[in-house]
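Let's take a friendly walk through this fold. Please keep the sequence and the model side by side as you read.

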Amino acid sequence: MPESTNTSIEYRDEREAGRLLAVEDGTAVGHIAYFVLAGPPHALVAVHTIVEPGHEGRGIAGGLVRTFYGLAEAEGVPVVPLCPYAASWAAKHPDEAPVPPAEVTAAAKAQLAADSDLW
């Protein structure tokens, strides 16, 4: 099923809170929970992608992941999609979602395992 484009959705990066929000009419309708890898290359690590009940099926999750990859590209860092949805989206969009180096993925998994507060 093709993803729809939600022109009424605004994406807001709340880096300190570890969230990329999808906001519609002032209300958060979804988010990606993430963290920044502690060591270089400071990858963005997607942990969960959530769309609020009643907003599913509108392409919001795909829009969040696409925006997340855009943030990483603008910062010159890789994305590590530990979230199953983000990983599935990345596999379907290899032109937009480069595979992170294996050592970066390993470092992200280790940081997540060491700090349960990240998720």
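Rings of Phe, Tyr and Trp (its six-membered ring) pair if their centres lie within 6.5 Å, with planes under 30 degrees apart called stacked, over 60 edge-to-face and the rest tilted. By that rule, the structure holds 2 aromatic pairs. One of them joins Tyr34 and Phe68 in an edge-to-face arrangement, 5.0 Å centre to centre with 70° between the planes. This pair links distant parts of the chain, since Tyr34 sits in strand β3 and Phe68 in helix α1, 34 residues apart. Tyr34 and Phe68 are both buried (under 20% relative accessible area with a 1.4 Å probe, protein chains only).

A word on the model: it is predicted, local features need pLDDT of at least 70, side-chain atom pairs count only at pLDDT 80 or more, and totals for chains, interfaces and linings use all residues. Residues are numbered from 1 along each chain as its sequence is written, and side-chain values use heavy atoms, leaving out hydrogens and water.

Helices (H or I, at least four residues) and strands (E, at least two) are DSSP runs numbered from the N terminus, and strands pair if DSSP finds at least two bridges between them. Here an open sheet of 5 strands runs β1-β2-β3-β4-β5 with mixed pairing. Its edge strands are β1 (9-14) and β5 (79-81).

| Helix | Strands touched | Angle of directions |
|---|---|---|
| α1 (residues 60-75) | β1, β2, β3, β4 and β5 | about 160° with β4 |
| α3 (residues 102-114) | β3, β4 and β5 | about 105° with β3 |

Terms used. Contact means heavy atoms within 4.5 Å. Axes are lines fitted to C-alpha atoms, for helices over the stretch in contact, and angles run from 0 to 180 degrees between N-to-C directions. Buried means under 20% relative accessible area, exposed over 50%, partly exposed in between (1.4 Å probe, protein chains only).
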